[in-house]
Amino acid sequence: MKKPSEPEVAPLALLADINAELVGARNSRAGLQRALEILAQRRRVLQASVVLKDPDSDQLQIAASEGLTAEGQRATWAIGEGVTGRVVQTGRPVVIPQISQEPMFLHRTGRRKRSGRSDTSFLCVPIPGDRRAIGAFNVDLAFRKDRNYDQDLQLFRVVATMIGQAIRLKQMVEAERQRLLDENAHLKEELKERYDFSHIVGTSGPMRQVFEQIARVASTNTTVLIRGESGTGKELIAHAIHYSSARARKAFVKVSCAALPDSLIESELFGYERGAFTGATARKKGRFELADGGTLFLDEIGDVNLSTQVKLLRVLQEREFERLGGTAAIQANVRLVAATNTDLEKAIAAGTFREDLYYRLNVFTIFVPPLRERKTDILLLADHFLEKYAIEHGRNIKRISTPAIDMLMAYHWPGNVRELQNIIERAVLVCDAAVVHGHHLPPTLQTGEASGTVAGMSLSNAVAAYEKDLIQDALKTTRGNRVKAAVLLDSTERIISYKVKKYHIDCRRFRT
């Protein structure tokens, strides 16, 4: 058997090393460069280059090279131009045993200068993409009459395939990274728009005062205490403060203090070190660390135990804390927004809330009015929720009838906006028409105990009440026009006028 004239590295070991460089490199260019260096060192490649298609211009440009001059590295080709351009265009490899015998190379500026010799073999292999070649892999070898070009071509085709896979993988990873960045930015913009305080529903005097307070405090780093009954929308206001501030691009972290037991709240807020207690098998960051640079919202802060209140006081005073089981002080670049429905003054008197913490929290207080004190907002909120849930549940519901509105306005709303939201969603689910009527509302709004209406009602009175509802709804549609209302109800003007007088309906009310 004829002994080879030059030492050859086992192809499998060579390919394994090249693949490791292509996959493990920090970027595509670095991996390609290292792969070409391995070929030059261990396969005696004189020159090598990876030529890729520019997605913007469709020009072929050198992405990585080994052994080329600076002038050669700037070479470009059009698709179909020269050997390289034709290989990319056709997707078929080309082998030229002697460059000096190929006229195309004699007329290519700088080619002979790059190789440094005339007796050189040239192999050009397409780099496969998803459907067509995305570039070419060029290799210069020393010319030998006994060289096995089929074997060399097979090796370099495998290398070209590996290059193509590595490039596509890097492109997919980069595309996914960019997609996640774009999605993250989009979600943040969506949240910012969703929680913009200008989108909070309400035009009443008390709510206008709340809007003014939000606008005044949002641009600062001041600690905010939001007070109000359960269901008034304190969390929504906390979101509005965050997304209207300079911290809007950072995290908004919420902690429901009432939902966490006393034994867990400190570890959730401040985190813990490994071994701090049984089951602490690894270090965990607390909510203060997760909210670094952003806003931490402590909901129902009035339910925090006294030992945790001491640590909260230190964070507010010193702007630092330690994890459970740790000794290193951690800086807290966090804006604190707290909310409570507890009467903190009574809690201080009872000894369940620290007075010094109260003064630290009570820097800027926003009182959220209960729904019963902002009656003019009930209809706006009801229409808002009706539209929202009609879309969400795929219902074609257009409006709320006048009698149903009267029932909403007469109710005292102990559950505030949250209760109104749930009632409207229920009405949307049970409504089988385009209008929400009084009988679609829950019994709590229809009984004397809840709404101040008559508790017991005979059949004749119930029929009369329903008849009155229908007439009022028709008059609202026709803006008080009795003739048109009679047409809608398939009745006569005389009958409608009689019923209007009987039920003491003021038609002028519907004309504006």
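Author: Please note that this is a predicted model. Let us begin with Leu 470, which lies in helix α19, spanning residues 459–477.

Reader: Which residues make the nonpolar surface patch with Leu 470?

Author: Tyr 466, Leu 488 and Leu 489 form it together with Leu 470, and the patch covers about 350 Å².

Reader: A new topic, please. In what order do the six strands of the open sheet come?

Author: The order is β3-β2-β1-β6-β5-β4, with antiparallel pairing. At the edges are β3 (76–77) and β4 (94–96), each of which pairs on one side only.

Reader: Which helix packs on that sheet?

Author: Helix α2, residues 28–42, does so, touching β1 (47–53), β2 (60–66) and β6. The direction of α2 makes about 50° with that of β2.

Reader: And how many bridges pair β5 with β6?

Author: Nine bridges join β5 (residues 120–128) and β6 (residues 133–142). Within this pair, Pro 126 stands opposite Ala 136 in β6.

Reader: Now to β7: which way do its residues point?

Author: In β7 (residues 224–227), Val 224 and Ile 226 point one way, while Leu 225 and Arg 227 point the other way; all are buried.

Reader: What are the bridge partners of Ile 226 and Leu 225?

Author: Ile 226 is partnered by Ala 339 in β14, and Leu 225 by Thr 365 in β15. Strand β7 runs parallel to β14, residues 335–340, with four bridges. Four bridges also join β7 to β15, residues 364–367, again in parallel.

Conventions. Residues numbered from 1 in each chain as written. Predicted model: local features only at pLDDT ≥ 70, side-chain atom pairs only at ≥ 80, totals over all residues. Heavy atoms only, no water. Patch = residues over 30% accessible without salt bridge, like charges linked within 9 Å, V, L, I, M, F, W, Y side chains within 5 Å. Areas by Shrake-Rupley, 256 points an atom, 1.4 Å probe, with all protein chains shown as cover. Salt bridge = Lys/Arg side-chain N within 4 Å of Asp/Glu carboxyl O. Helix = DSSP H or I, 4+ residues; strand = E, 2+ residues; numbered from the N terminus. Pairing = 2+ DSSP bridges. Contact = heavy atoms within 4.5 Å. Axes fitted to C-alpha atoms, helices over the stretch in contact; angles between N-to-C directions. Buried < 20%, exposed > 50% of the residue type's maximum accessible area, 1.4 Å probe, protein only.
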